[in-house]
Amino acid sequence: MSTANPSPLWQPAPERIAQAQITKFQAWAAEHHGAPSHGGYAALHRWSVDELDTFWKAVTEWFDVGFSTPYARVLGDRSMPGAEWFPGATLNYAEHALRAAGTRADEPALLYVDETHEPTPVSWSELRRQVGSLAAELRALGVHPGDRVSGYLPNVPQAVVALLATAAVGAVWTSCAPDFGARSVLDRFQQVEPVVLFTVDGYRYGGKEHDRRDVVAELRDELPTLRAVVHIPLLGTDAPEGALDWSTLTSADVEPVFEPVPFDHPLWVLYSSGTTGLPKAIVQSQGGILVEHLKQLGLHCDLSTEDRFFWYTSTGWMMWNFLVSGLLTGTTIVLYDGSPGYPDTGAQWRIAERTGATLFGTSAAYVMACRKAEVHPARDFDLTRVRCVATTGSPLPPDGFRWLHDEVGEDLWIASVSGGTDVCSCFAGAVPTLPVYIGELQAAGLGTDLQSWDPSGKPLIDEVGELVVTNPMPSMPIRFWNDPDGSRYHDSYFDTYPGVWRHGDWITVTSRDSVVIHGRSDSTLNRQGVRMGSADIYEAVERLPEIKESLVIGIEQPDGGYWMPLFVQLAPGAALDEALLNRIKQTIREQLSPRHVPDEVIEVPGVPHTLTGKRIEVPVKRLLQGTPLDKAVNVGSVDNVELLRFYEDLARKRG
């Protein structure tokens, strides 16, 4: 990694720096909490990690966090895992998310857009009213703090109402998108045993209607803890027998009652991809998410009541939860339910134009698809209100930076951000007061001591290493569900470097404090920002009698693409003909998700394993990326080294 100082692609104007929330916060924190008044962001960041308690106290004061019961201290215990934040404090996330209803009652809290691309507003007062009505009905159904409430829902206003009503009651929200098949959903929801299920009858995607009533019936059969099912007729069908009707539950004019819960009370459960088994059920807290998202959205994304915040996401991805938290800063959030490229590749830019989006969030893959399709956003759409384009899901390649600069705007703040479902936030990315360099994330986030480490735990500068975080963040999981001794949580992040979070990304921290992400250091599949484990694919594919065993790999390409081949070892007598190829793809599309249909299906002589019988994924990925065999794998740990030579040869042929 070069230490040369290239010219920045973009530099914020002095007035932009002066007006940024982070600039005002630094001046205020210098006056009230001893933060450095000079030295810009680098000095503020150093202070935020050196004086962690003081920094987070300052964040709660700056954003006027309403504690129902005051806290005894900021950090009761700072060891990881198990850091104890704001012990003694009680609060409610939903109460903060709806605060703007008091001052902006008739302005839009939500702008809902479907594939017609015509925005439908939901005002702050209407959102608050529906949340109040639904929260009262949940209580009437016997939902108590700590109970789980699940949603099998697309990105529609009802999903936001259901999440906020759940949080208001002190119950725990969890959701999956309706393009997930029944098995994928049950692998997640069965772990947390929900008492209420919100469902749609189907969804629209790519100009077609997708009926999901059969899947909903299967979910009802397989979730014995359900006390109520709520039907949302997105496709206009009647509620199935025994289900409650959404409109009835949200029709009352009732002030919401917000249950004060401890700071570390569960807010929601998110899910990992399930690479080595069932997806990890990641539990994050009401208070931890509240303060982390206020910092991230208010300071790093610079959002306020004047903004409109769009991110292309589904309810099965953490970015949906992050988008909903835009309400915390009084920002209007834009919900889009539909295909990212319907009716054409320029669809998301059209939505930005019609909603007046100021922060436009999308995936790196979408940016590269627009570049490839020769879309001209600024020429074809009025994007004068867009001041920031943020990307995540995978690293934004250098060509993506240049294309955004050339085709969206020269004075465009490009924020490539990187974080994870595990913290439902960003480790590094957007800083409105710093320059943008091609191919780089601007800096590590405030309060986040992000470093790149070598295998022995030595910090690296301008060299590739493991992404680690050496201090606790409030949104780190409080635990995993069904992990009573915390061993699965510990083994997921803390087994490599004791007491230090290891995330599973390769990164470079540059001598300018910017960050370069090189992709996953583990074998998670990441398609359009939606992560899925290989185990899900194996389970589906290997039900086919012709498939003896399979191996799936996801590889980030230098041009920003993502190559996902599926390798299959066939049963004796089977042939990989067109019919079998189609059945493999159809199986994955129907049982898992259309996003995870492989780019290629390749017949192999066999699948390599460790000596304990685990499929070898990461070494194969490294081989396909061109790493020599002796550096890609410890050959002493493999059951049949000769099988690896097939993948080495394939990499050579692909060039």
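Arg204 stands opposite Glu209 in strand E10. The structure is a predicted model, in which local features need pLDDT of at least 70, side-chain atom pairs count only at pLDDT 80 or more, and totals for chains, interfaces and linings use all residues. Residues are numbered from 1 along each chain as its sequence is written, and side-chain values use heavy atoms, with hydrogens and water left out.

**Strands**

Helices (H or I, at least four residues) and strands (E, at least two) are DSSP runs, numbered from the N terminus. Two strands pair if DSSP finds at least two bridges between them. Strand E10 (residues 208-211) pairs with strand E9 (residues 202-205) in the antiparallel sense, over four bridges. Two residues lie between the strands of this hairpin, where Gly206 takes a positive phi near 65 degrees.

Further along, three strands form an open sheet in the order E21-E22-E23, with antiparallel pairing. Strand E21 (418-420) and strand E23 (443-444) each have a single partner strand and stand at the edges, so one side of each is left without a neighbour in the sheet. E21 is joined by three bridges to the antiparallel strand E22 (residues 425-429). Here Gly419 stands opposite Cys426 in E22.

**Helix pairs**

Axes are lines fitted to C-alpha atoms, for helices over the stretch in contact, and angles run from 0 to 180 degrees between N-to-C directions.

| Helices | Angle | Axes |
|---|---|---|
| H8 (residues 182-192) and H9 (residues 213-222) | about 30 degrees | 10 Å apart |
| H14 (residues 364-372) and H16 (residues 398-407) | roughly 65 degrees | within 10 Å |

H14 is therefore roughly perpendicular to H16, whereas H8 and H9 are roughly parallel to each other. Angles under 35 degrees count as roughly parallel, over 145 as roughly antiparallel, 65 to 115 as roughly perpendicular and the rest as oblique.

The crossing of H8 and H9 is right-handed, while H14 passes H16 in a left-handed crossing. A crossing is left-handed if the near helix is turned anticlockwise from the far one by less than a right angle, and right-handed if clockwise.

Contact means heavy atoms within 4.5 Å. Between H8 and H9, the contact is made by Ala182, Val185, Leu186 and Gln190 of H8 with Val215, Glu218, Leu219 and Glu222 of H9. These residues divide into five nonpolar, one polar and two charged. In the other pair, Val367, Met368, Cys370 and Arg371 of H14 meet Asp399, Gly400, Trp403 and Leu404 of H16. The contact of H14 with H16 has five nonpolar, one polar and two charged residues. Ala, Val, Leu, Ile, Met, Phe, Trp, Tyr, Cys and Pro count as nonpolar, Asp, Glu, Lys and Arg as charged, and the others, Gly among them, as polar.
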